[in-house]
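Try each task before you read its solution.

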Amino acid sequence: MKFPAQNAILLVAQLAMLAGLSSALITTPLSAQRDNDSKTPTAVAQIPASLPKGKKLILTDGTFQLAREYTVEGDRVRYWSVERSQWEEIPTGLVDWDATHKAEAEQVSLDSELKAKIRASELAQHTKDIDVDRSLEIKPGLFLPDAVGFYALDRNKLVREMKQSEAVVKSSTGREVERIISGVSLIPGKKTMEIPGERAAIRLATAEPEFFMRPADSREPRFRLLRAQIKGGHRLIDSISIRVTGEEKHNATDIEIQTWTPATGVFRYTVDQRLEPGEYAFVEMTDEGINGYVWDFGIDLPGTKTK
């Protein structure tokens, strides 16, 4: 008779154990879910909200109204509320004008600093490849290239690299034949210096260009600026008459230039007059005369027609 009682006790104990196990299985996920739910608002709260931009009308109680603009009309201040997107009015006596004007001045200063930083950032981006030790600012925000060469400053702050062309010296065939046939060696001679072609490859669109030279060595170049004449498909830059004494007389159209030294190893050349549309060439003078390699260019002013 004792067995049925013992079995009943064991059955009650097993039911109690099953109830505890099921409770643990149910409550653990719920508590974990509650923990996750409690963390979500915290993560969202860390996202900063941007404030609308406007002027601060600081009030005497320490608060402020954010206004896009405002005007004082008698004893009232009329302003456009950035927060409510409508015109509103308040008495002028509620505004702390000293604090308002101070806040406006601080905002102007901050805006100026921001603009300066933006300009500095843009300038740094444009000049990131420039050698600091060789850089030369020829106009605000415009730097001369670091490489050796001859450069022209065109319209719209455009720096163009000049290219060299070879000038050809030709002797007068007729005079040479006459000297040979007559046997008289004292017949005056004539030579010309020409650039092949009627037009230079480099075309400038300003009548007042500036030129810059970075020579490969420490020498100071001696330049002349000559205007060319178009003859027979060539550009004539110098006509040389040779007297019987051997003395040469040059007949070239010189353009007056000024030479400046803005930095060590850099030479700047400016013209004393407005250049007319046409063909020109910089020639370098040496102890032997004109160097055969020239820097040629043409002037094509806006609105002018070129052949």
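**Exercise 1.** Find how many aromatic pairs the whole structure holds, then classify the pair Tyr-70 and Trp-97.

*Solution.* Step 1: the search of the whole structure turns up 15 aromatic pairs. Rings of Phe, Tyr and Trp (its six-membered ring) pair if their centres lie within 6.5 Å; planes under 30 degrees apart are stacked, over 60 edge-to-face, and the rest tilted.
Step 1: the Tyr-70 and Trp-97 centres are 6.1 Å apart with planes at 45°, so we call this pair tilted.
Step 2: Tyr-70 sits in strand β2 and Trp-97 in helix α2, 27 residues apart. Helices (H or I, at least four residues) and strands (E, at least two) are DSSP runs, numbered from the N terminus.

By the way, this is a predicted model: local features need pLDDT of at least 70, side-chain atom pairs count only at pLDDT 80 or more, and totals for chains, interfaces and linings use all residues. Residues are numbered from 1 along each chain as its sequence is written, and side-chain values use heavy atoms, leaving out hydrogens and water.

**Exercise 2.** Decide whether Tyr-70 and Trp-97 are buried or partly exposed.

*Solution.* Step 1: grab the cut-offs: buried is under 20% relative accessible area, exposed over 50%, partly exposed in between (1.4 Å probe, protein chains only).
Step 1: Tyr-70 has 19%, so it's buried.
Step 2: Trp-97 has 23%, so that one is partly exposed.

**Exercise 3.** Work out where Glu-284 is and whether Glu-284 is buried or exposed.

*Solution.* Step 1: look in strand β21, residues 278-286.
Step 1: Glu-284 has 9% relative accessibility, so it counts as buried.
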